[in-house]
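Have a look at it first.

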Amino acid sequence: MITKKITCICCPLGCSVNVIINGDNYQVIGEQCKRGKDYAIQEVKDPRRVLTTTVKINFGIQKMLPVKSKNEVPKNLLNECVKILSKVVVEAPIRCGDVVYKNIHDTRIDIIATRDMERV
Amino acid sequence: METDVVVIGGGPAGLAAAAIASQQQVDVTIFERARELGGILPQCIHNGFGNFIFNKMLTGPEYAQHYIDLVKKLKIHIKTDTTVLKITKDKQIIATNSKDGLFKIKTKSIILAMGCRERTRSQILLPGSRPAGIYTAGTTQRLINVDGIMLGSKIVILGSGDVGLIMARRFILEGAEVKGVFEILPHPGGLTRNIVQCLEDFDIPLNLCHTITEIHGKKRVTGVTVAEIDRSTFNPKKGTEFFIPCDTLVIAVGLIPENELSKQVNISMGPNTGGPVVDNNMQTSEAGVFACGNVVHVHDLVDDVTISSELAGKAAAEYVKNQIKEGALKSIHPGKNVFYVVPQHIRCDLKSSVTLYFRVKNIMKNAEIKLTEKNYIVAQKKERIVKPPEIVKIDILPEEANKIKQSVEVSVEGELF
Ligand SMILES: Cc1cc2nc3c(=O)[nH]c(=O)nc-3n(C[C@H](O)[C@H](O)[C@H](O)COP(=O)(O)OP(=O)(O)OC[C@H]3O[C@@H](n4cnc5c(N)ncnc54)[C@H](O)[C@@H]3O)c2cc1C
Ligand code: SF4
């Protein structure tokens, strides 16, 4: 049995929630609503985040192109994904939403540009 | 040169105001000091923008892109790389860029949308020598996210404002080590979401009631001395000092509205906002001069910037067409536990409701928010929690606003947290 402490971020109240994990059984303590309960269990089972970083771009009006993961990636892969993307170089012009890297870290999640970048 | 509406600043505030004004068939010109439109958004690559307006979390560049596309579709004159140096009471604008040099333009209305800038080390009286490796948080954000320059490998962050928190995560993902965030106040300066997703996610320690008492290093920062703060005197407690080795110090101690231009025409400034006093049309004390976005007060959410800037844009166009309705001026004051409230005036006859934005002084639970004139309650609402870093809003219905005789006060009562 382990207890994990989660701060719920679903509303400004920011409740401190404890999740007691007992095999497949999750008991949530301290939440003040259903949203908080669902969030806390998701956070303990499979925490995910949208990854945002930059990749190098050649011939663009700026040197770096901001990108994000189209869907949330598992939190523990964030570091690895950033490392992969630090080696990626793209070329201007780019449109907001263009895929710059497919299926990152075998997550089946694509990395897309978050702005237009004109060619100089 | 002549135009109807000059918008100074091409950030989210200026873009939204310009788009709406242009849609009312007036001639609009945007002046932007930077090379690109978007204000600070192109460097805010994290997601967390537009939840309210677009119903989804966008990144800063995506949010900006939407409004850049919009103004480019409209017949708006866009002058980037152009800095406005001076504005005058008779609405002449003096600006400069490398192509046209110094030039003058006459306008009927002005929208101030210059945003804000960061407080610096000297403004918080941080002692020590001046080695390299000290940056404001926003500068690190631009250097890393736009210019692709990595700044250091051992980072200390002073202040827990949102920019600092977001940069803490960015430094970690870029392979640096963040030694800690030090905040002088007993509560964090940034949003809870950022405390969780930027610090807790990466086990970065947040030290409340702490400050930096000395910066070490001759050529480059080699470390800082940190001490605990006495909660009543705000002085460092003797004997609590400790040394942290680092090569980079990031100062994230907040933003202040950029109002050098506004002061040139003697616009009235709000006491605690750092920006111009405005009415429900975002008009300043100077007729035909409007202000919106971070130049008015520091916003935590860009959605609120867009919404109030659209009011400014619409009103500026109406001013140009002589259609602006100006009823009697009623004032709105901050009352108990309220630091400031914007707008500070309303001009009635209102046809639609007015949203008041305010900041509280303390964290409070089960807060009761009241807008009163003497004993009459103009509006009220309850919030489960209110915090200084998060703007609180309350709406006044037009029929209630029109009943206000002279002035109303916003007050908050609740359990101190
Ligand atoms: C690091 C950071 C993180 C943030 N995170 C979030 C978030 O997650 N979610 C969210 O909703 N909001 C967030 N915000 C808040 C939001 O980005 C701001 O409220 C918003 O950008 C303010 O817009 P603005 O147009 O008023 O100012 P700005 O974006 O600062 O734009 C002002 C523009 O005016 C120009 N200018 C200034 N003076 C002159 C002059 N004299 N002549 C010509 N041009 C001039 C400047 O160059 C600039 O481009 C964040 C802000 C920061 C700083
Ligand atoms: S548990 Fe419910 S009330 Fe508490 S922070 Fe989460 S969403 Fe808000």
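## Ground rules

For sorting lining residues by class, Ala, Val, Leu, Ile, Met, Phe, Trp, Tyr, Cys and Pro count as nonpolar, Asp, Glu, Lys and Arg as charged, and the others, Gly among them, as polar. The model is predicted, with local features needing pLDDT of at least 70 and side-chain atom pairs pLDDT 80 or more, while totals for chains, interfaces and linings use all residues, and side-chain values rest on heavy atoms, with hydrogens and water left out. Residues are numbered from 1 along each chain as its sequence is written, and chains are lettered from A and ligands numbered from 1 in the order in which they are written.

## The enclosed spaces

Rolling a probe the size of a water molecule over the atoms shows where empty space is left. Here that's done on a 1 Å grid over the protein atoms alone: a cavity is a set of points where a 1.4 Å probe fits but cannot get out, a pocket is an open set with protein on both sides within 12 Å along at least five of seven lines, and lining residues have an atom within 4 Å of a point. Points are joined across faces, edges and corners, and a volume is the space filled by probe spheres set on them. The count comes to two cavities of 30 Å³ or more.

The largest cavity holds about 170 Å³ of space. It has 17 lining residues, with A:V50, A:T52, B:H46, B:R169 and B:L173 nearest its centre. The elements giving two or more residues to this lining are α3 (137-145) and α4 of chain B, and α4(B) has the largest share, four residues. (Helices are DSSP runs of H or I with at least four residues, strands are E runs of at least two, and both are numbered from the N terminus.) By class, the lining of the largest cavity splits into six nonpolar, seven polar and four charged residues. The largest cavity lies between domain 1 (1-118 + 255-324) and domain 2 (120-253) of chain B, because both give residues to its lining; domain bounds come from an automatic or database assignment.

The second largest cavity has a volume of about 40 Å³. Chain A lines it with A:Q62, A:M64, A:P66, A:R115 and A:M117, and chain B with B:P42, B:N145 and B:V146. That lining divides into five nonpolar, two polar and one charged.

## An open pocket

The second largest pocket comes in at about 1400 Å³. Of its 43 lining residues, A:I9, A:C10, A:C11, B:N51 and B:R193 lie nearest the centre. Several elements each supply at least two lining residues, among them α1 (34-45) and β4 (48-49) of chain A and α7 (302-320) of chain B. β25(B) gives the most, with five residues. The pocket's lining has 17 nonpolar, nine polar and 17 charged residues.

## Ligand 2 and chain A

Where does ligand 2 lie? It's between chains A and B. Its shell (residues with a heavy atom within 4 Å) includes A:C8, A:C10, A:C11, A:C15 and A:C33, along with B:R384. The shell has six nonpolar, three polar and one charged residue. A:C8 counts as buried, at 8% relative accessibility; buried means under 20% relative accessible area, exposed over 50% and partly exposed in between, using a 1.4 Å probe on protein chains only.

Chain A itself is assigned domain 1 (2-45) and domain 2 (52-113), whose C-alpha centres lie 31 Å apart.

## Cysteines

How many disulfides are there over all chains? The count is zero, taking a disulfide as a pair of cysteine sulfur atoms within 2.5 Å. The sulfur of B:C292 is 13 Å from the closest cysteine sulfur, in B:C116, which is too far for a bond. B:C292 is buried, at 0% relative accessible area.

Most residues other than glycine have a negative phi, and most peptide bonds are trans. The bond from A:A92 to A:P93 is cis, with omega near 0°, and A:P93 lies in the loop between β8 (89-91) and β9 (99-101) of chain A. Another cis peptide bond joins B:V342 and B:P343, with omega about -5°; B:P343 is in the loop between β21 (338-342) and β22 (345-347) of chain B.

Then there's positive phi: B:D81 has a value near 55° and sits in the loop between β5 (77-79) and β6 (83-87) of chain B. At 42% relative accessibility, B:D81 is partly exposed. B:K374 has a phi near 50°, in the loop between β24 (364-373) and β25 of chain B, and is exposed, with a relative accessible area of 77%.
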